[in-house]
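Please work through each task before consulting its solution.

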Amino acid sequence: MKKRYLVMALIVLSIGSLFIGVTHISPLHLFNLTDDQTQIVWKSRIPRLVSIIIAGMSLSISGLIMQQLSRNRFVSPTTAGTLDSARLGILVSLILFTAASPIEKMVVAFLFALAGTFLFMKILDKIKFKDTVFIPLVGLMFGNILTSIATFFAYKYDLIQNMAAWLQGDFSMVISGRYELLYISIPLLVIAYIYAERFTLAGMGEDFAMNLGLNYKRVVNIGLVIVALSATLVVLTVGMIPFLGLIIPNIVSIYQGDHLKKSLSHTALLGAVFVLFCDIIGRVIIYPYEIPIGLTVGVIGSGIFLYLLMRRKAYE
Amino acid sequence: MVEVKNVSKRYGNKAVIDQVSVSIPKGKITSFIGPNGAGKSTLLSMISRLIAKDDGEILIDGEHVNQAKSKELAKKVAILKQSNHLNLRLTIRELVSFGRFPYSQGKLSREDWKHVDEAIRYMELGDIQNKYIDQLSGGQRQRAFIAMVIAQDTEYVLLDEPLNNLDMKHSVQIMKVLRRLVNELGKTVVIVIHDINFASCYSDYIVALKDGKVAKEGTVDEMMECQVLKEIYEIDMKIETVNNEKICVYFK
């Protein structure tokens with residue numbers, strides 16, 4: 001797959017995304033939009049498109065970084081407890097500061113996501129039995145424990161409905177004024193690109209990295225901060241989008257290899273294209289109603305995930 | 001020259017390396033031999049700063065290994081550990097280019113790529129340089145890793161059991177390359193090796209370790225003696241001279 005096909009797909013789907021919705025806006029109206037239509041485009045359609053692209057890119061890249069650092073293909077923010085920790089963090093921030101501002105929520109959720117991811121990496125160090133499938137299972141169990149803790153407190157403080165909102169990713173809630181936090185992900189993507197080669201070296205193992213004079217621990221820590229922060233931002237603004245960080249990097253790895261410097265841009269583009277595609281399907285399939293993105297990505301993603309698992313068996 | 005002075009390493013109460021002192025001569029192949037668990041790999045890892053030592057001093061060209069900057073040391077010493085089972089999909093060329101990281105920090109210059117090309121040519125990997133490592137045979141993979149170490153262009157090359165899992169043909173191929181590294185490029189090679197006859201045929205200097213101590217060290221002629229090897233390995237053997245090489249026969 002060539003990069004320019006991905007770019008083309010992204011452009012076509014982006015244009016499509018702008019003109020799909022209950023309020024009819026066609027490209028022909030573009031130069032004489034009514035006030036209402038202008039409002040819709042600026043307040044809803046464009047924020048939605050931007051958040052889809054950023055969320056798709058940053059979750060896919062988070063997954064890619066996690067897979068390299070943990071040296072396991074099936075580790076991602078979904079399967080390592082990162083998203084669950086972030087969610088627990090949001091809940092804690094809601095309980096502690098009842099009217100938490102988005103920034104406060106972000107900081108607390110980020111700290112939780114970071115702690116959760118670190119804890120998972122520590123558990124990973126301790127596990128002797130490093131089977132490819134066993135590790136993500138441990139991560140899923142870990143994530144479920146965190147979720148049950150979160151649910152318990154959510155019941156106690158009557159926040160179940162609030163919590164459900166982050167359980168399932170949903171772009172229909174994205175309007176201007178409610179998604180801007182996501183822009184913080186852009187500098188994170190830039191840092192990820194700068195550190196790309198170092199992440200790959202760290203993924204070769206501590207001895208290997210040290211032999212080349214790389215500060216292994218620092219690189220791993222930077223990677224985990226990027227992962228935790230981007231995952232937090234997506235959960236806060238859009239909600240959980242499962243499987244994304246898992247399947248996109250794996251697909252890119254098949255045709256592009258694992259040298260992060262080469263695969264990073266492909267992963268980002270494919271992630272954005274995939275989410276955009278799923279979002280459009282969710283919007284047209286029961287038009288004028290919508291299926292939340294968490295569900296569409298979940299269904300299509302789990303199918304692809306199963307295929308990747310089978311493929312791995314055939315490969316060995 | 002690598003100087004190891006009174007170095008110890010303990011895991012719990014057990015001393016894996018116990019007050020070891022040894023000097024590794026420059027521009028030679030030095031082999032570490034000895035029974036399993038003698039501490040050979042640990043010593044090699046300590047020399048290359050991968051493992052911290054508990055006591056003693058290790059100097060490379062007069063400089064303390066622990067005080068040297070890791071980045072600078074990476075231009076002087078390269079180490080290849082025995083288990084390089086990685087599941088990343090990288091091509092040989094990409095792997096070899098990692099060897100330039102200490103110089104390029106990720107941005108390879110034309111000069112860096114020249115070193116990469118040379119290393120690939122040196123290991124005769126040109127035809128398969130764009131193949132993924134997970135598609136290679138054991139011998140090819142080992143050659144790819146050694147090519148990376150060559151691209152790293154260090155004066156000291158440390159290899160932990162480079163012949164592990166290789167057949168006769170590939171073992172000989174690797175040892176010949178190491179010999180060329182010393183003879184043609186003037187490098188200092190230190191290897192941990194189990195096959196005593198490979199050690200005999202290709203090294204200049206042999207250090208025998210046993211129970212975390214240096215049991216004996218010397219030139220090949222000094223070390224390839226019945227009495228010496230019997231003491232180290234505690235089995236019966238004979239030393240025969242075949243084509244001017246001392247061969248140890250210990251199989252029955």
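**Exercise 1.** In which loop is B:Asp211 found, and is B:Asp211 buried, exposed or partly exposed?

*Solution.* Step 1: B:Asp211 is found in the loop between β9 (205-210) and β10 (213-219) of chain B; helices (H or I, at least four residues) and strands (E, at least two) are DSSP runs, numbered from the N terminus. Step 2: phi of B:Asp211 is near 50 degrees, a positive value in a residue other than glycine. Step 3: a residue is buried if 20 or more other C-beta atoms lie within 10 Å of its own, exposed if 12 or fewer, and partly exposed in between, with C-beta atoms placed from the backbone. B:Asp211 has 14 other C-beta atoms within 10 Å and is therefore partly exposed.

The model is predicted: local features need pLDDT of at least 70 and side-chain atom pairs count only at pLDDT 80 or more, whereas totals for chains, interfaces and linings use all residues. Residues are numbered from 1 along each chain as its sequence is written, while chains are lettered from A and ligands numbered from 1 in the order in which they are written.

**Exercise 2.** Where is A:Phe243 found, and is A:Phe243 buried or exposed?

*Solution.* Step 1: the residue A:Phe243 is found in the loop between α10 and α11 (244-256) of chain A. Step 2: although A:Phe243 is not a glycine, its phi is positive, about 70 degrees. Step 3: with 23 other C-beta atoms within 10 Å, A:Phe243 is buried.

**Exercise 3.** How many helices and strands does chain A have, and how many are there in chain B?

*Solution.* Step 1: chain A has 13 helices and 0 strands. The radius of gyration of chain A is 20 Å, close to the 20 Å that the globule rule gives for 316 residues, so chain A is as compact as a globular protein of that length. Here the radius is taken over C-alpha atoms, and the globule rule is 2.2 Å times the number of residues to the power 0.38. The C-alpha trace of chain A spans about 65 × 50 × 35 Å along its principal axes, and 49% of its 316 residues count as buried.

Step 1: chain B contains 10 helices and 12 strands. Its radius of gyration is 18 Å, close to the 18 Å from the globule rule for 252 residues, so chain B is as compact as a globular protein of that length. The principal-axis spans of its C-alpha trace are about 55 × 45 × 35 Å, and 41% of the 252 residues of chain B count as buried.

**Exercise 4.** Which residues of chain A does UniProt list for "transmembrane region"?

*Solution.* Step 1: the unreviewed UniProt entry lists several segments of chain A, including 46-67 and 264-285; positions are given in the numbering used here, feature names are shortened, and annotations may be inferred rather than shown by experiment. Step 2: residues 46-67 of chain A are 100% helix and 0% strand, with end C-alpha atoms 32 Å apart. Step 3: residues 264-285 of chain A are 95% helix and 0% strand, and their end C-alpha atoms are 32 Å apart.

**Exercise 5.** Which residues in the largest nonpolar core touch the most other members?

*Solution.* Step 1: a nonpolar core is a set of buried Ala, Val, Leu, Ile, Met, Phe, Trp, Tyr and Cys residues joined through C-beta atoms within 7 Å. Step 2: of the 157 residues in the largest one, A:Ala109, A:Val275, B:Val96, B:Ala147 and B:Leu158 touch the most other members. Helix α10 (residues 216-237) of chain A gives the largest share of this core, 13 residues. Step 3: leaving aside neighbours within four places in sequence, A:Val275 is in contact (C-beta atoms, placed from the backbone, within 7 Å) with A:Ile52, A:Ala55, A:Gly56, A:Leu244, A:Ile293 and A:Val297.

**Exercise 6.** How many residues does the contact take from chain B and from chain A?

*Solution.* Step 1: the contact takes 21 residues from chain B and 16 residues from chain A. Step 2: on the side of chain B that touches chain A, the largest share, 3 residues, comes from α2(B). Step 3: by class, this side of chain B has 12 nonpolar, 5 polar and 4 charged residues; Ala, Val, Leu, Ile, Met, Phe, Trp, Tyr, Cys and Pro count as nonpolar, Asp, Glu, Lys and Arg as charged, and the others, Gly among them, as polar.

Key. Two residues are in contact if their C-beta atoms, placed from the backbone, lie within 7 Å.
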